[in-house]
Structure formats: C-alpha cells, structure tokens
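Open the model in your viewer and keep the selection panel at hand.

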Amino acid sequence: MSGDDAKNDYSALRRQLDQAHAQLDGTRRVSDDKRREVLSARARALAESRHEERQEVLSVLAFQVGGERYAVRIETVDHVLEARGLASLPGAPRHVLGALVSRSRVVPVLDLRQLLGLEGGGMSDLGKVVVVEQGEECFGLAAEAVEGRKELPRAELSQPPPGPFLFLTPDRLTVLDLEQLGGPSAEPQAQE
C-alpha cells in the first residue's frame with residue numbers, strides 16, 4: 001500500500017457504503033439500540049425547541065388618525081365598524097363627533113384629532129370607528145384607516161411623550177392609554 005492508501009481505509013469505506021445501501025434497500029434492519037439512540041436524540045432536540053425563550057409581546061390594534069399612527073391594547077377593543085350613520089350630539093364637547101348605534105347600544109365617538117391637538121381633515125377622512133371598552137364605559141375612536149392587529153415586542157417599546165400614551169415603538173406607533181385619555185368626558189390635550 002502506498003502512503004495515501006494507508007491514510008484512506010478503502011475497505012472500511014466500502015463496508016459503510018454497503019451498509020448504507022442495505023438500509024436504503026430495506027434488506028438490513030437498524031438495530032434496536034441504534035433506533036432508540038436516534039429517537040432519543042430527536043426527542044431531546046424537539047424538547048429543547050419547546051423551551052426556547054418566547055419573546056414577550058404586547059398585542060395591539062393599530063390605526064391612523066391625523067397623519068399619525070396610534071394603537072390600543074387588543075383586550076380593550078370590542079370591534080371595528082364603518083363610520084356611517086354617525087349622529088351628531090348637540091351640546092357635546094367638541095372632541096365628541098357624535099354617536100353610533102352598535103350592538104344595541106349607543107356608542108359616543110371621539111375625534112382624537114381634537115382630543116390630542118392634531119392637524120387633520122374633515123369628517124369624510126374618518127371612515128372607521130374602533131369601539132373600545134374602558135372599565136364600564138364603551139366609546140369609539142374615529143380613525144382614517146385601521147392597520148390591524150400587531151404584536152409589539154416589549155423589549156422594543158420606549159417611553160412616549162407626555163400625554164395619554166403608554167408606549168412608543170421604533171417605527172413611531174404610539175400606544176394610547178385609554179384610562180388617561182378619559183373617554184367622552186375628557187378634556188382635550190395639546191400634543192407637545
């Protein structure tokens with residue numbers, strides 16, 4: 001044998017190749033010990049994947065108002081509906097656009113543009129109403145568009161500017177604090 005042949009044991013390689021062909025052909029069974037070893041390794045790998053740390057997230061419903069992006073915690077959202085059929089409420093504060101009948105109840109609808117001191121267009125821009133429940137109170141937030149449900153990693157949330165806000169995301173989505181927002185009886189706040 002030459003020096004290269006001594007390094008490569010061709011007969012051992014040939015035996016491994018023959019064993020692999022036999023297993024593929026089904027003529028040779030895998031030993032019970034080998035089968036248990038393989039299954040045990042697979043079970044460990046699956047168990048470890050289940051124990052991966054799950055990133056804590058905040059589920060929100062995101063929407064747009066006055067050219068800004070806002071969100072409310074998903075557990076406060078009752079439903080979203082079209083802004084058609086909005087009835088005015090004479091004598092209501094300026095930030096209360098009116099009321100809608102939704103699921104057999106009258107729901108006052110707030111204009112976040114007025115409440116937060118945002119620039120904005122007219123009523124025709126507000127095509128959706130996000131109906132939320134805060135404690136015993138149910139009210140709607142008029143929106144230009146609803147982006148849908150988002151899962152926000154808590155590690156990426158930062159402190160928002162002063163006002164009725166919980167969090168701010170890196171892409172400038174502001175999560176509203178409905179308790180601080182105050183509902184229909186709230187006084188408008190100027191955004192800083």
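Which residues touch the most other members of the largest nonpolar core? Select F63, V72, L112, L141 and L176: in this predicted model, these five hold that position in a core of 21 residues. Next, colour the elements that each supply at least two residues of this core: β1 (57–65), β2 (68–73), α4 (112–116), β6 (128–134), β7 (137–143) and α5 (178–181). Another core, of 10 residues, lies apart from it; L100, V129, V131 and C138 are among its members.

Now centre on L176. Leaving out residues up to four places away in sequence, L176 touches F63, Y70, A71, V72, L112, L116, L141, P164, F165 and L166.

Move to β1 and β2. These strands run antiparallel and are joined by six bridges. Pick F63 and, opposite it, Y70 in β2. The two strands form a hairpin with two residues between them. In the turn, check G66, whose phi is positive at about 55°.

Finally, zoom out. The protein has five helices and 10 strands. Of its 192 residues, 32% are buried. Among contacts with a separation of 6 or more, 57% come from residues 24 or more positions apart.

Definitions and conventions. Residues are numbered from 1 along each chain as its sequence is written. This is a predicted model: local features need pLDDT of at least 70, side-chain atom pairs count only at pLDDT 80 or more; totals for chains, interfaces and linings use all residues. Side-chain values use heavy atoms; hydrogens and water are left out. A nonpolar core is a set of buried Ala, Val, Leu, Ile, Met, Phe, Trp, Tyr and Cys residues joined through side-chain atoms within 4.5 Å. Buried means under 20% relative accessible area, exposed over 50%, partly exposed in between (1.4 Å probe, protein chains only). Helices (H or I, at least four residues) and strands (E, at least two) are DSSP runs, numbered from the N terminus. Contact means heavy atoms within 4.5 Å. Two strands pair if DSSP finds at least two bridges between them.
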